[in-house]
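Here are my notes from a pass through this one. Have it open beside you as you read.

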Amino acid sequence: MQVFDFAAYARFKWSDMRMILKAAGLTLEVTLISLAIGTALGLILGLIRCSKNKVINKLPLIIMEPLRNSPLIVQLFLVYFGLPSVGIRMKAMQAALLTLSLNTAAFFAVLVHSSIMSLPKAQWEAGYALGFNKFQIYTNIIAKQALRLLIPQAITLYISQLQCSSLVSFVSLMDLAKAGQQVAQKTMMPFTIFGIVAALYFIISFPLARLAKYLEKRIGFTI
């Protein structure tokens with residue numbers, strides 16, 4: 001009969017927990033900054049994609065398609081390890097923020113474009129019939145309806161990007177995944193440590209999922 005090893009758990013100290021919590025803060029910081037930048041850039045790219053000019057609406061694809069169709073870890077390595085070979089050096093934090101921001105922008109642009117283009121053309125015709133110009137139609141009719149479609153998908157994207165942020169550990173950033181790995185190696189308690197790491201990711205992600213449902217209902221009532 002195996003005896004429960006209390007001595008093993010004694011190796012897990014409060015300093016280890018502080019390290020993990022500090023790393024969780026870094027993960028949240030990287031995620032929030034990159035999501036903010038990526039959302040703003042993605043909104044611009046998505047609106048350009050909605051242009052009726054066939055040349056202009058294809059320009060964002062030059063950025064979007066490579067980012068959407070290559071692994072995030074490869075993009076991160078290209079920025080952090082590849083750019084120095086052409087004279088562009090970045091710190092790990094800068095490389096992580098740049099990579100995650102551009103990756104988020106590429107996917108968010110698709111959501112913006114698909115949300116707007118999914119609305120029936122009759123909405124535009126109704127706006128013109130009311131005497132609105134193009135900008136007024138966008139702000140008063142199209143944007144409100146597109147937002148209702150966009151928000152749940154955007155929050156799902158944000159949760160996915162939060163989980164993908166664990167890849168920044170490969171460029172030596174002490175994020176939640178990296179801290180969990182180090183503490184697990186130190187204490188020889190991988191199941192417990194990574195259980196705590198998984199719980200922290202859940203604690204960060206779950207409110208976002210609830211927020212998506214709340215905003216979806218709230219916007220549904222107000223539109």
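**Notes on the model**

1. Gln 161 lies in helix α7 (residues 134-164); helices here are DSSP runs of H or I with at least four residues, strands are E runs of at least two, and both are numbered from the N terminus. Before going further: this is a predicted model, where local features need pLDDT of at least 70, side-chain atom pairs count only at pLDDT 80 or more, and totals for chains, interfaces and linings use all residues. Residues are numbered from 1 along each chain as its sequence is written, and side-chain values use heavy atoms, with hydrogens and water left out.

2. Is Gln 161 buried or exposed? Its relative accessible area is 6%, so Gln 161 is buried (buried is under 20%, exposed over 50%, partly exposed in between, with a 1.4 Å probe and protein chains only). Setting aside residues up to four places away in sequence, Gln 161 touches Leu 35, Leu 100, Asn 103 and Thr 104, contact being heavy atoms within 4.5 Å.

3. Apart from neighbours within four places in sequence, Ser 165 contacts Thr 27, Thr 31, Leu 100 and Asp 175.

4. Now the α4/α5 packing. The axes of α4 (residues 72-82) and α5 (residues 92-117) come within 9 Å and cross at roughly 135 degrees; axes are lines fitted to C-alpha atoms, for helices over the stretch in contact, with angles from 0 to 180 degrees between N-to-C directions. That makes α4 and α5 oblique to each other (under 35 degrees is roughly parallel, over 145 roughly antiparallel, 65 to 115 roughly perpendicular, the rest oblique). On the α4 side the contact uses Leu 72, Gln 75, Leu 76, Val 79 and Tyr 80; α5 brings in residues including Leu 100 and Asn 103.

5. Two backbone spots to look at. Most residues other than glycine have a negative phi. Ser 172, in the loop between α7 and α8, has a positive phi near 70 degrees, and is exposed at 52% relative accessibility. Met 188, in the loop between α8 and α9 (190-222), has a positive phi of about 60 degrees and is exposed at 62%.

6. Cysteines, quickly: how many disulfides are there? The count comes to 0, taking a disulfide as a pair of cysteine sulfur atoms within 2.5 Å. Cys 50 is buried at 11% relative accessibility, while Cys 164 is partly exposed at 26%.
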